[in-house]
Amino acid sequence: MAVKKIGKQSIFVIRRQRFDRLSDEEEIRETEREIKYCVVLPRWASGAQGNENDKGWTITEGHQILAPFGSDIMADDIVRLPFAPRQAWEVAGMPGLYVNKRGKGKMTMVFVKRVGT
């Protein structure tokens with residue numbers, strides 16, 4: 001199946017280390033992989049989304065990532081963005097799958113916030 005290109009940016013997703021304390025199985029180490037053909041959009045703060053606050057400034061508190069449908073991103077992954085490769089972002093909530101009215105997959109939508117906020 002061909003990957004539907006949403007945009008031209010690549011993001012790097014880091015899967016956090018996982019292990020089951022009740023099992024003898026080996027730990028799954030952190031892995032980093034590239035997801036191509038994404039779009040990264042700013043996400044602004046509270047109130048009526050998109051409106052300016054009292055002082056005339058819009059506060060950006062995260063990003064929205066539009067990735068190809070079915071991209072391997074999970075709720076506890078860490079993301080590095082192309083314009084700030086040293087800054088870590090964590091996925092906020094479960095990624096959403098966008099499908100059209102006929103049920104055909106179009107994109108995966110992910111919200112990210114700064115690590116530790």
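These legends describe close-up views of a predicted model.

**View A. The largest nonpolar core holds 14 residues.** Seven names stand out for the most contacts inside this core: I11, I35, I65, I73, V79, L81 and V112. Strands β1 (9–15), β2, β3 (60–68), β4 (78–81), β5 (84–91) and β7 (105–114) each give at least two residues to the core. The largest share comes from β2, with 3 residues.

**View B. I11 and its contacts beyond the sequence neighbourhood.** Neighbours within four places in sequence are left aside here.

**View C. Y37 has a positive phi in strand β2.** The angle is about 65 degrees, although Y37 is not a glycine. Strand β2 spans residues 31–44. Y37 counts as partly exposed because its relative accessibility is 31%, between the 20% limit for buried and the 50% limit for exposed.

**View D. F69, L97 and V99 form a nonpolar patch on the surface.** Together, the three residues have about 250 Å² of accessible area. V99 sits in strand β6, which covers residues 96–99. With a relative accessibility of 37%, V99 counts as partly exposed.

Terms used: Residues numbered from 1 in each chain as written. Predicted model: local features only at pLDDT ≥ 70, side-chain atom pairs only at ≥ 80, totals over all residues. Heavy atoms only, no water. Patch = residues over 30% accessible without salt bridge, like charges linked within 9 Å, V, L, I, M, F, W, Y side chains within 5 Å. Areas by Shrake-Rupley, 256 points an atom, 1.4 Å probe, with all protein chains shown as cover. Salt bridge = Lys/Arg side-chain N within 4 Å of Asp/Glu carboxyl O. Helix = DSSP H or I, 4+ residues; strand = E, 2+ residues; numbered from the N terminus. Buried < 20%, exposed > 50% of the residue type's maximum accessible area, 1.4 Å probe, protein only. Core = buried A, V, L, I, M, F, W, Y, C linked by side-chain atoms within 4.5 Å. Contact = heavy atoms within 4.5 Å.
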